[in-house]
Amino acid sequence: MDDTDVTGRPRILVTNDDGIDSPGLHHLARAACALSPHVVVAAPREETSGSSAALTAVEDQGRVVVERRDLPDLDGVLAHAVAAAPAFIAMLAGRGAFGPAPHIVLSGINRGPNTGRATLHSGTVGAALTASLDGCRTMALSLDVGDTWHWETAAAVTTRLLPLLALTDPGAVINVNIPNLPLGEVRGIRHAVLAPFGTVQTTVTDRGHGYIAVTLTETDTEPGPDSDAALLADGWTTLSLLNALSTTAAPDRLMQALHDLSATGW
């Protein structure tokens, strides 16, 4: 896939998991328009938080349901409300569903952080990971929680970070978490490793005949000082590079067991 079209500007898809009406999506789309004139928005018509990389959609007679939308302060930008999870939207975009396949996929800006290994469950991150399999450079962006949503801070930080995608290889996935603070109180930007857990955890509070009750509670374990969760809590914007799927080395005992199975046959 070529990095840019004949005008030298990349084609960009903007999506999220909070839905087409989320202000974070609109801020991200406006930031994308400053990077390139070739921006298309395709986002879930309803919130799909926690959808990870699910390839689910609502169909009508075998066709995915899509509606055209007009978004605030985004005149001339094609926007689609799609009855699908964001990862499925990203996959469809790579196959020409919303025009020529994108070079860059931006996902967010999410309401709430996506830190630690719990990013596995994030629809915001899931869309970026899925798009990376098509060779897109991708960035998932999230704004930390707080009493007030500082979307202007998120937009300003996003505008500064988007050019970094040009410094990455095709298929790169950058996960960004932004402090929910006035811009002047953000300490800066730090590279971060993933915390071993997220900011919240799911707890089973009750179970009975025909039901299970769960709740989300804050984790009570301190993350490492160089982790995304710790740095974000300390007022830093964090940047982490992820990969969609890779193999890992098998331990010697497993390799020996596989060798023994192979030697004995079925």
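# Briefing: sheet, cores and salt bridges

The model discussed here is a predicted one. The strands β8 and β9 run parallel where they pair, over 6 bridges.

**Sheet and packing helix**

- The open sheet comprises 9 strands with mixed pairing, arranged in the order β5-β6-β2-β1-β7-β8-β9-β13-β10.
- At the edges stand β5 (66–69) and β10 (188–191); each has a single partner strand, so one side of each is left without a neighbour in the sheet.
- On average, and with direction ignored, neighbouring strands of this sheet are turned by 20 degrees against each other.
- Helix α3, which spans residues 123–132, packs on the sheet and touches β1, β7, β8, β9 and β13 (236–242).
- The direction of α3 makes about 175 degrees with that of β8.

**Nonpolar cores**

- The largest nonpolar core contains 32 residues, and V14, V41, L106 and M139 are those with the most contacts inside it.
- At least two residues of this core come from each of β1 (12–15), α1 (23–35), β2 (39–44), β6 (78–82), β7 (104–111), β8 (137–143), α4 (151–161) and β9 (173–178).
- Helix α1 gives the most to this core, namely 5 residues.
- What does L106 touch, leaving aside its neighbours within four places in sequence? Its contacts are I12, L13, V14, T15, L28, A32, M139, L162 and L165.
- Another core lies apart from the largest one; it has 16 residues, and A42, A84, A131 and C136 are among them.

**Salt bridges**

- The count of salt bridges comes to 5.
- D21 forms a salt bridge with R69, with 3.4 Å between the closest N and O atoms.
- D21 lies in the loop between β1 and α1, whereas R69 lies in strand β5, so this pair ties together parts that are 48 residues apart in sequence.
- D21 counts as exposed, because its relative accessibility of 55% is over 50%.
- R69 is partly exposed, at a relative accessible area of 24%.
- A salt bridge also joins the side chains of E67 and R45, at 3.8 Å from N to O.
- This pair links distant parts of the chain, 22 residues apart: E67 belongs to strand β5, and R45 to the loop between β2 and β3 (59–60).
- E67 is partly exposed, with 32% relative accessible area, and R45 likewise counts as partly exposed, at 29% relative accessibility.
- E67 forms a salt bridge with R69 as well, the closest N and O atoms being 3.5 Å apart.
- Through shared partners, these salt bridges join D21, R45, E67 and R69 into one network.

- G146 is placed in the loop between β8 and α4.
- Is G146 buried or partly exposed? G146 is partly exposed, with a relative accessible area of 42%.
- From C-alpha to C-alpha, G146 and R111 are 9.9 Å apart in space, while 35 residues separate them in sequence.

Technical notes: Residues are numbered from 1 along each chain as its sequence is written. This is a predicted model: local features need pLDDT of at least 70, side-chain atom pairs count only at pLDDT 80 or more; totals for chains, interfaces and linings use all residues. Side-chain values use heavy atoms; hydrogens and water are left out. A nonpolar core is a set of buried Ala, Val, Leu, Ile, Met, Phe, Trp, Tyr and Cys residues joined through side-chain atoms within 4.5 Å. Buried means under 20% relative accessible area, exposed over 50%, partly exposed in between (1.4 Å probe, protein chains only). Helices (H or I, at least four residues) and strands (E, at least two) are DSSP runs, numbered from the N terminus. Contact means heavy atoms within 4.5 Å. Two strands pair if DSSP finds at least two bridges between them. Axes are lines fitted to C-alpha atoms, for helices over the stretch in contact, and angles run from 0 to 180 degrees between N-to-C directions. A salt bridge is a side-chain nitrogen of Lys or Arg within 4 Å of a carboxyl oxygen of Asp or Glu.
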